Amino acid sequence: MKKICFLIPSLNAGGTENYLLRFLNFIKDNYTIVVIIIDNQKGDLYEDYKKTGVILRFQRVGYLN
């Protein structure tokens, strides 16, 4: 099984976050997916992301941004 990692700024509803959620619902059964969230807070879409079964990691990235 292939692995994919996504890096997003938060789990609040926004363009990237909503699009990624739709994409994850489409491919979740074929890949092992890890989503790294830069913001340490659970956002509006947290429960929706949990339902997809992907691995969520809240991790600050320091000076990466």
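How many helices and strands does the protein chain have? In this predicted model, in which residues are numbered from 1 along each chain as its sequence is written, local features need pLDDT of at least 70, side-chain atom pairs count only at pLDDT 80 or more, and totals for chains, interfaces and linings use all residues. Side-chain values use heavy atoms, with hydrogens and water left out.

The protein chain has two helices and three strands, taken as DSSP runs numbered from the N terminus (helices: H or I, at least four residues; strands: E, at least two). Along the sequence these elements follow the pattern β-α-β-α-β. The radius of gyration, taken over C-alpha atoms, is 11 Å, close to the 11 Å that the globule rule (2.2 Å times the number of residues to the power 0.38) gives for 65 residues, so the protein chain is as compact as a globular protein of that length.

The three strands form an open sheet with parallel pairing, in the order S1-S2-S3; two strands pair if DSSP finds at least two bridges between them. Strand S1 (2–8) and strand S3 (55–58) are the edge strands, each pairing on one side only. From one strand to the next, the twist averages 20°, where axes are lines fitted to C-alpha atoms, for helices over the stretch in contact, and angles run from 0 to 180 degrees between N-to-C directions. Seven parallel bridges join S1 to strand S2 (residues 31–37), and Ile36 in S2 is the bridge partner of Leu7. Helix H1 (residues 15–27) packs on the sheet and touches S1 and S2, contact being heavy atoms within 4.5 Å. The direction of H1 makes about 165° with that of S1.
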